[in-house]
Amino acid sequence: MWPLKNSALLILALPLLVSSVRIQIDVPATHILANPATLPSDTKAVLSSNGSPLIAPISRHNNFVFADVPPGSHLLSVYSRDVTFENLRIDVEPSGEVASWQTYRGNEWTNTGEQRGGCEAADTQANIQVRAVAKREYYYDRPSFSATSILKSPMILIAIFSLAMVVGIPYIMDNMDPEMKAEFEAMQKSGTGATATTSNIQNMDLAGDFASWMAGKKTDTASGGDSKSDTQQRIKR
Amino acid sequence: MRFLTAVAALLPAAFALFPDEAYKLDYHHAALGLPQRHATFFHQPQRDSKASLIYTLSELGILGAVNPKDGSLIWRQNLNQQNNSTKSFLVPSSTYGTVVSGLETQIAAWSAKDGRLAWSKEQAGLGNVVDLKSLEALGNGEVGPSKDIIATLDGVTATVQRLDGNTGETKWQYTDSSSDSPYGVSMSRTHLYYISLHGSIIGSPKLKVTTLDLISGQRLDQITLSVDSDFTSVADIIHLDAVAPAPILVWADKARKNLKVNILGTKAAQSFPISNESNEVIENIVVHAADKIAAPTHFLVMYDAEDAHWGEVFHIDTGKLSIKKAYDITRLAGKGAIATSVADNQIYYTRIAKGAFIVLSSEKPDVVDRYVLGEFGVKSKDWPAPILAHGEINQRLGKYAARAVVLLSSGDWFLTLNGLRQWTRHEELSYITSATFAELPRKQTLVQQLREESHSTIVAAYLHRVKRHLAALKSLPNYIESIPAQIQNSLFGNGTTSGDKTDPFGLHQHVIVTTAHGRVMALDTAEQGKIVWSDKIAGFTEGETPVVTATPHGIIRVKTNLAHGVYDTLTGNFLRKGKDTVPKVAGTTNVTTVRVLPLQDRVAGFVGEPPVVLWTFNPPAGSTIQELTYRPAVDPVSNIADVLGDRRVLYKYLNPNIGLVTSINPTAQTATFTLLDTVSGAVLYTTTTPAVDTTQPIPTFLSENWFTYSYTLAASNATAARGYALVLTKLYESPHPDNRGPLGTAKSFSSLHAATSGAAHQPFVIARTFFVPEQISRLSSTRTRHGITTRLLLAYMPNSGALTGIPLAALDPRRPAGRDPSKLEMEEGLTRYVPNLELDPHWTLSHRRNVQGVTELLTQPARLESTSIVFAYGYGGDVFGVRTAPSGIFDALGKEFNRVQMIGTVVVLLVLTFVAVPFVGRKGNDMLWGMGQ
C-alpha cells in the first residue's frame, strides 16, 4: 500500500490556469436555515473540477469567497454539520463570464435546474446563492418510559379487562334480582353458563399451592395434601 | 426463520445513536499540533469579554482557540500548510475582533469569537510571509486610530506591507530592492525598524536596520551592523522585540560566549559575556521580552544546556540607551520554561521546571510567589520536561493568580493554575505514524486451572485445589468491599464501563500508537481513549518513522530503522531488544509461504529463501499500480452462504488469499481493479472503470466475499454525471443457488492444483455502483468476534469530517435494477436498486463531531459479539474512536434497561401480594361457608 504523490500532475496543470474570476457564494436565510450566522465555522464550500478542489471557509458575512477560479465547469458542494446544501454547477468561461445552476446527483451534467446567479465577462465578481435543502439529524430519541404507552399495550388492556371482570361479576351477581339469580344458578348447575367463581379461582393458572396459600391453608400444603381435592371434599360436606 | 425475519423487522433501526450515548461511547482528540512559541497567546476574543482564550497556530499549520477552563477546542481552521519548514505567524487584532494568521503566501483574519473568516489575502507574487506584527501592540502609542497589520514577505525582492486591519487592503508597501534576506520588523512609538541580513559571498555578512515611517512607509534611515563571519542566515538572530519603547535585536557569537544586543536605531551592538560557570554547552538561548509598549524595558535571557538551565535579567535605560545586567536567574537542573506576563505595568516571569512553579518579577531578584508544581497529568515512563510556556498573571490584594500553558517534551500541553494542573491536551496524538490494536495478556482462567487439575495426580490436584482456594480467599475481603460499589454501579451507572480489569465484555482494548517524535503510547478504548502509558522509544533518532506491531500474549514490537524494542502491552515496560523476523506474510499454503511485493509497475509473488519469483502481475499498459489490499488477517465468516427467500443458498466465494490490485492510468483517466489469487497469481476478476479522476483518492476494501471501492468521477466528459461513486462487488462460487459450480462437494481446495480441485475457477461476480454525496477517502468495515453480526461499511469523508457506517444491506449488489423486487426478494430484504445512495445522517458514527485528517481506520472485535471497536487516526489529523453495535446491542443490557424500575416493580408486587393475603383468605373462607349452606 503506497499512495502515489500526485503533486507533479498538479504542477503541470498550473500553467494552464490562464484567466480566473472571483466568485462569492452567499447563503440566504430560508425556512430550513433561518439564520446562516449559526452555521459553525467549519462549514466549507468545495469547488471541484479535475484535480485538487478549491476550498473556501465560511466568512463572517455568511458567504464563501473563491478568489481565483479557473475557467471550466465546476461542481460546488457545501458541507456543514447542521444542514445539507444543494449542489450547484458553476461554469466559468475563459472570457470571465460565470453561470450557475442547480444540479442533481446521479443525473447527466447537462440536466440542470434553476439558475443561481452569475456574472458578465466585464464584472469583477460573480454572486451566486446556495440554499440549504434539509436539516441534518444525527440522533434517535430513546423510547422513554411513560404510563400511557404501557396502558396502550394490548396485554395490559386484556389484563385490566379480566381484572374488572373478576372484581365486578360478584357485585353484579349480588345486585341481580332474586329471580334472575335463581335462573342464573340453574344455568350454572346445568353446566352451560359461566363457571362458578370458586372453581374459577381454583382453576386459575396461579392455582394450586399459591392460591391455597393465599387462602390461608398453610397446614394443608405443608402436610402435602392435595389442597384442591381437600376443598372439593369440604364443598361436598 | 420467517419468525426471525419478522422479529428483525420489528427492531428499531439496526444501528442507532442516542443523544445520551453520543460523546460517551466515542472520543475525539481534535488535532492542533505542537504550539509555536511566537504564535501562541492568551487573548480576549472581544474587547468587552472578561475571559480570555488561548489562541495558537501550531507547527502543523492548524489555527485554534482553546478554552483555558477545560482545554476543549472552541474552533479551529486548518490553514493547509504545504511545506513544513516555512514559518507561520499569528497576531491578535482585537479592535476588529480577529486574530490574523500569516502562513506561506496567505494572510487571513479570523473572527476570534467563532473562527469565521473575516478577510483573506493571497499574494503569490510576493513570496512567503516571514514576519507578521499587529500595530495594536503599540496601544495608544500609535498616532491615528487604525490598528493595522505589518507583514514582511520574502519574494524576489523583500516587501514590507501595512495592511488595513479591517479589510486587509494594502495601505503602503516598502520594497527592499537589494537582495538581502528579510528577517522582520520591530516597532517603537514612532518608527518601524526593518531588519534584513546582507550576506555577500565575498564580503562579511552584515545586519541592516532600515528605519521606516509608520504612517507613510517612507525610508528614513539605514544602519549597518557588523556581525561575525560565521553568521550565516537570519536564523542566527536570537530575538527581535515586537514592540518596545527602545526595541532590541539580540544575537550571539557562534561559541556562545558573548551576547550581542543592539538597541535599534543605535549604531553599535553592546556585548555581554554569557554567564556559564560550569562551562556547559549551551544548546539554546531564548530572550523573553514583554512585547508591550507600556511595560518596563526589561528583558530576560535564558540559557538551556543539556541538563540545566539558567538566565540573566537585563534592564534598558531608554534615556541613555544603555543596557545593564540586573540579576541572575538561579540555575536549575533539567529543562525549564518561562512564561512572560505583564500585570499592573510590571513584568512577571513564571518559571516552570521540574517540581517548581516560581513567579519572579523583572524588577528585583526576589521570588514573588512560589508554588509546588504538581504532577503533569501524564502517565509517562520517562520524565518529560517543560519546554515551552505561555502565561497570564493577575494580582488581587497582593495575591497572585498565575496560570500558564506548558508544553512538555512528550508533546503534552497542560494548563497549570498556581502549580495545580487543570487539564492536559495530548498534542502528540496528532503525529501518529502507526497504530495497532493490542491484545491484553489474560490471567490464567478458572477453566485452564481446572484442566490442569484434571491432568495431574490426585495428590497434586488436591494440593493445587487447596492452593487455588487459599488464593481465592485472599481476594475475598476485596470482593466483599467491592460489592456496594458494584451494586451502585449496576443500578445507576451505565454498567459497561466499570473500569475493572476483568473486563468481561472485552471493551478495554488497548490501541498502541507510535509518533513521529519517537514516542509510544497506549490508549484505552473503553475510557474515552485515555492514555494508559507513554514512553520514549529507545534508540529513536529524529526523522525516523517508527512502526508498531502487536503479537498475541500481550507483547508489542516497536521498530525504527535501527532499533527494535519489545514492550509489555499492559504496563508499557520495556522488555528487551527484539530480533528482526521475516517480512509480512501475505498468503500461505501448506508447503511454503508466498510473499507478495507490490512494485511500481508490477506485483510479484515470491517463494522460498533466497526468493524465487513465482508469478508476476502486470497492470494494463499505461497504468501504474497504486495499491494492493488483502482480506484482514482475522476475518471470521459465520455463514458460508447467503440465504435466499426460498431457503436456497448462494455459496460465497471464500478464498483467504485474494488480493485486490488498484492500478490507475492518469492519461486515459481510468482505474483498473484486479482480484488476484496471491498464491497462484491467477487473475480472478478484473474491471476497468472509465472517467475516474485519478488525482483524487481511490480507497478500496476487501473482506469476506466482497470488495468495495470509491472514486471521483472525472470532469472530462461534458455530459456524463459528476460526483462520487461507491461500488460494492460480491463474489459467489456460482450464479446458481444450491450449486457450488466446479467445486461440487469438495471439502478443501488448492490455489495451485486448479485442475484437480477446480478451485481456481472464476468466481461469479456481481457489482453495483452507487452515487454518494461526498468524496470518500478511506473505507473499512466493522468486525465482530464471530462475524455473525451484520456489518457496517465504514467510510471516512474528509470534506465534512464524518465517519459513516453504511449498512452493507443498503449496498447489496443483488438489489433488483429496473423492476420492483419479487416476493421472495422482498422476504430476503432486497429493495429496488436506485443509483443515488443517500447517506442518512443517523449513520454518522462521528455524529456532530468534525474529525479531520483521518488516513487510517482500524477495527477490532470486542468479546461481545454485537460490538465492534473502531479507531481512526491520521498523521497531522485527529484521533477518533467509537464503539458500535451494527445490529444493536443484543447480548448486553443497554442503557434503556432501568434496573431501579425493575427492582421497584418486583418489590411492589411482593408487598401487594402480602397485603392481599388476609383479604383473599377471608373471602375464600366466606365463600366456602356460603357454598356449604
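Buried area is the accessible area (1.4 Å probe) that two parts lose on being put together, summed over both. Keep that in mind while you explore this predicted model, where local features need pLDDT of at least 70, side-chain atom pairs count only at pLDDT 80 or more, and totals for chains, interfaces and linings use all residues. Residues are numbered from 1 along each chain as written, chains are lettered from A in the order written, and side-chain values use heavy atoms, without hydrogens or water.

**Stop 1: where the chains meet.** Show chains A and B together: they bury about 5,800 Å² between them, 55% of it on carbon and sulfur atoms. Now pick Arg105(A), Tyr140(A) and Arg142(A), which supply 16% of the area chain A buries against chain B, more than any other three residues. In contact terms (heavy atoms within 4.5 Å), 56 residues of chain A touch 76 of chain B.

**Stop 2: a salt bridge.** Select Asp82(A) and Arg848(B), whose side chains meet in a salt bridge at 3.9 Å, N to O. The rule asks for a side-chain nitrogen of Lys or Arg within 4 Å of a carboxyl oxygen of Asp or Glu, and it finds two such bridges across this interface.

**Stop 3: the annotated spans.** Grab residues 155-173 of chain A, listed in an unreviewed UniProt entry as "transmembrane region"; such annotations may be inferred rather than shown by experiment. This span is 100% helix and 0% strand, with its end C-alpha atoms 27 Å apart. Helices here are DSSP runs (H or I, at least four residues), and strands are E runs of at least two. Then jump to residues 902-921 of chain B, which carry the "transmembrane region" label too, also from an unreviewed UniProt entry. The chain B span is 100% helix and 0% strand, and its end C-alpha atoms lie 29 Å apart.
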